[in-house]
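Me: I would like to learn how to read helix packing and aromatic pairs from a set of coordinates. Could we take the features one at a time, with the general idea before the particular case?

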Amino acid sequence: MKEIPYSVICAAQRGDTDAILLIRRHFEGYIASKCLVTYDDGDGQSYTFPDDELRYLAEAALYTHYVVIGCCNDQGKTVSEKVKNLIRLEARNVAADCEEI
């Protein structure tokens, strides 16, 4: 995955709509691939659907990381790796909530 230029990240932090949309498009495919839910019907058939709520939460985590928190690289990870970890964590939290229901 190609890295997002630092100048785009800083522009997104300043509220530049084009920069925010560029970051969203950069991670759109990754988020979509991680936000799938598989349902089994009573006949043994499995169906995979995109989970819009999970996608929304993953995008919210993305916006929070890039626009609100910032782009500091404090643990040697690239910014893209940090966002992927946020998306994975959010997916686990949503899955845990669904199991409680």
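Reply: Let us begin with a contact, bearing in mind that this is a predicted model. Val8, Ile9, Ala11 and Ala12 in H1 meet Ala19, Ile20, Leu22 and Ile23 in H2, and by class this contact of H1 with H2 holds eight nonpolar residues, with no polar and no charged ones.

Me: How should I describe the geometry of H1 and H2, and at what angle do their axes cross?

Reply: In general, two packed helices are described by the angle between their axes and the distance between the axes. Here the axes of helix H1, residues 6-13, and helix H2, residues 17-34, come within 7 Å and cross at roughly 120°. The two helices, H1 and H2, are therefore oblique to each other, and the crossing in which H1 passes H2 is left-handed.

Me: Where is Lys34 found, and how far is its C-alpha atom from that of Arg55?

Reply: Lys34 is found in helix H2, and because its relative accessibility is 41%, Lys34 counts as partly exposed. The C-alpha atoms of Lys34 and Arg55 are separated by 8.2 Å, although these residues are 21 residues apart along the chain.

Me: Turning to the rings, how many aromatic pairs are there, and how is such a pair read?

Reply: A pair of aromatic rings is described by the distance of the centres and the angle of the planes. With ring centres required to lie within 6.5 Å, the count comes to two aromatic pairs. For Tyr39 and Phe49 the ring centres are 6.0 Å apart and the planes stand at 50°, so this pair is tilted. The pair links distant parts of the chain, since Tyr39 lies in strand S1, residues 36-40, and Phe49 in strand S2, residues 46-50, ten residues apart.

Me: Which residues do the ring pairs link into a cluster, and how accessible are Tyr39 and Phe49?

Reply: Ring pairs link Tyr39, Tyr47 and Phe49 into a cluster. Tyr39, at 47% relative accessibility, counts as partly exposed, and Phe49, at 42%, also counts as partly exposed.

How values were computed
Residues are numbered from 1 along each chain as its sequence is written. This is a predicted model: local features need pLDDT of at least 70, side-chain atom pairs count only at pLDDT 80 or more; totals for chains, interfaces and linings use all residues. Side-chain values use heavy atoms; hydrogens and water are left out. Axes are lines fitted to C-alpha atoms, for helices over the stretch in contact, and angles run from 0 to 180 degrees between N-to-C directions. Helices (H or I, at least four residues) and strands (E, at least two) are DSSP runs, numbered from the N terminus. Angles under 35 degrees count as roughly parallel, over 145 as roughly antiparallel, 65 to 115 as roughly perpendicular and the rest as oblique. A crossing is left-handed if the near helix is turned anticlockwise from the far one by less than a right angle, and right-handed if clockwise. Contact means heavy atoms within 4.5 Å. Ala, Val, Leu, Ile, Met, Phe, Trp, Tyr, Cys and Pro count as nonpolar, Asp, Glu, Lys and Arg as charged, and the others, Gly among them, as polar. Buried means under 20% relative accessible area, exposed over 50%, partly exposed in between (1.4 Å probe, protein chains only). Rings of Phe, Tyr and Trp (its six-membered ring) pair if their centres lie within 6.5 Å; planes under 30 degrees apart count as stacked, over 60 as edge-to-face and the rest as tilted.
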